[in-house]
Amino acid sequence: MKWFQIRKKIGKESAKKEIPDGLWIKCTSCDEILYKKEVEKNLMVCSKCNFHFRVNSAFYKKLLLDEGSFTSFDENIQTADPLQFKGYVKKIEAARKESSLSEAVITGEAKIDGRDVEVAIMDFSFIGGSMGSVVGERVRRAIERASKQSLPLLTVNASGGARMHEGIFSLMQMAKTATALNKLKTPYISILTNPTTAGVLASYASLGDILIAEPGALIGFAGPRVIKQTIKKELPDGFQRAEFLLEHGLIDMIVSRKNLKDTIISLLSHLC
Ligand SMILES: [Zn+2]
């Protein structure tokens with residue numbers, strides 16, 4: 001690590017040029033240069049400041065679900081592009097290619113420590129984890145499957161909110177998913193990762209019986225900048241971060257990634 005300390009002194013810009021691609025990553029929170037393999041071993045968490053790097057749905061699938069137990073549903077649902085929004089179809093195609101996903105959420109059945117669960121895992125890399133008609137419909141069906149089969153429901157959320165390309169049709173998904181949850185009698189655990197915001201937070205993500213956030217996750221409806229400009233006041237430190245929300249009673253617990261699966265297993269065994 002010595003040469004990095006020297007590099008740091010020389011200046012961040014010159015250090016950046018010397019970092020071999022793919023071997024090292026810089027912590028977004030504390031600026032520490034970290035050996036990528038070590039970070040991966042640490043579940044994509046900074047060993048220095050506990051910053052949780054954003055990870056995709058495949059990561060959470062591997063982290064939380066029993067190996068090989070996941071069966072995906074509703075992969076064939078596609079958007080009808082209801083507003084004929086210019087460039088939207090191409091955007092979807094590009095997102096599919098880049099993420100190898102068919103949409104911003106994967107849903108299906110799986111096992112967690114041998115127990116059957118219905119799951120919905122969002123993926124921020126697919127158009128910012130935005131909720132359009134496909135995400136809403138997949139989540140609704142997952143909720144209804146949980147209802148029908150008396151299974152607990154687990155969602156892992158990461159979203160910038162409703163998908164503007166579908167206008168009112170994406171906002172309708174909020175009511176649709178909330179209505180389906182209203183009928184659910186089995187336990188529902190919702191995990192809020194960084195970021196869980198706007199329409200997704202204001203519907204199914206915040207309606208869990210238990211709300212778990214990852215450390216430092218941004219969780220809110222409107223973004224802090226919009227709120228600041230509207231109320232014309234400085235916002236308190238840590239506003240809309242998981243720790244602030246826990247202190248103010250909006251979420252139930254903050255759980256580090258390494259303890260996430262054990263916490264869910266323990267909660268399910270108490271709730272089911
Ligand atoms: Zn860090």
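Is Asn 50 buried, partly exposed or exposed, and how many other C-beta atoms lie within 10 Å? In this predicted model, Asn 50 is partly exposed, with 15 other C-beta atoms within 10 Å. The residue is situated in the loop that runs between helix H3 (36-41) and helix H4 (57-64). Beyond residues up to four places away in sequence, Asn 50 touches Val 45 and Pro 215. Cys 30 is 20 residues from Asn 50 along the chain, and the C-alpha atoms of the two are separated by 9.4 Å. Leu 43 also lies in the loop between H3 and H4. Its phi is near 55 degrees, a positive value in a residue other than glycine. Leu 43 counts as partly exposed, with 15 C-beta neighbours inside 10 Å.

The chain is divided into two parts, domain 1 (1-53) and domain 2 (55-271). Their C-alpha centres lie 29 Å apart. Contact between the domains involves 7 residues of domain 1 and 8 residues of domain 2. On the domain 1 side, the touching residues comprise 5 nonpolar, 2 polar and no charged.

Several strands are paired. Strand E3 (residues 71-73) pairs with strand E4 (residues 105-112) in the antiparallel sense, over 3 bridges. Within this pairing, Thr 71 has Glu 109 of E4 as its bridge partner. Asp 74 is found in the loop between E3 and helix H5 (88-99). Although Asp 74 is not a glycine, it has a positive phi of about 60 degrees. With 19 C-beta neighbours inside 10 Å, Asp 74 counts as partly exposed. E4 is also joined to E5 by 8 bridges, and these two strands run antiparallel. Val 105 stands opposite Met 122 in E5. E4 and E5 form a hairpin with 2 residues between them, and Asp 113 in the turn has a positive phi of about 50 degrees.

Asp 123 is placed in the loop between strand E5 (115-122) and H6. There it is buried, with 26 other C-beta atoms within 10 Å. Leaving aside neighbours within four places in sequence, the contacts of Asp 123 are Asn 56, Ser 57, Ser 99, Leu 101, Ala 104, Val 105, Gly 129 and Ala 158. One of these, Ser 57, is 66 residues from Asp 123 in sequence, yet the two are 5.1 Å apart in space, C-alpha to C-alpha.

Two packed helices are described by the angle between their axes and the distance between the axes. For helix H6 (residues 133-149) and helix H7 (residues 167-182), the angle is about 5 degrees and the axes are 9 Å apart. H6 and H7 are therefore roughly parallel to each other, since angles under 35 degrees count as such. H6 contributes Ser 133, Val 135, Gly 136, Val 139, Arg 140, Ile 143 and Glu 144 to the contact, while H7 contributes Phe 169, Ser 170, Gln 173, Lys 176, Thr 177, Ala 180 and Leu 181. By type, the residues of this contact divide into 6 nonpolar, 5 polar and 3 charged.

Further backbone features occur later in the chain. Most residues other than glycine have a negative phi, and most peptide bonds are trans. A cis peptide bond joins Asn 194 and Pro 195, with omega about -5 degrees. Pro 195 belongs to strand E7 (residues 188-197). Helix H9 (residues 224-231) is hardly covered, with 0 buried residues among its 8 residues. Just after H9, Lys 232 takes a positive phi of about 55 degrees.

Notes: Residues are numbered from 1 along each chain as its sequence is written. This is a predicted model: local features need pLDDT of at least 70, side-chain atom pairs count only at pLDDT 80 or more; totals for chains, interfaces and linings use all residues. Axes are lines fitted to C-alpha atoms, for helices over the stretch in contact, and angles run from 0 to 180 degrees between N-to-C directions. Helices (H or I, at least four residues) and strands (E, at least two) are DSSP runs, numbered from the N terminus. Angles under 35 degrees count as roughly parallel, over 145 as roughly antiparallel, 65 to 115 as roughly perpendicular and the rest as oblique. Two residues are in contact if their C-beta atoms, placed from the backbone, lie within 7 Å. Ala, Val, Leu, Ile, Met, Phe, Trp, Tyr, Cys and Pro count as nonpolar, Asp, Glu, Lys and Arg as charged, and the others, Gly among them, as polar. A residue is buried if 20 or more other C-beta atoms lie within 10 Å of its own, exposed if 12 or fewer, and partly exposed in between; C-beta atoms are placed from the backbone. Domain bounds come from an automatic or database domain assignment. Two strands pair if DSSP finds at least two bridges between them.
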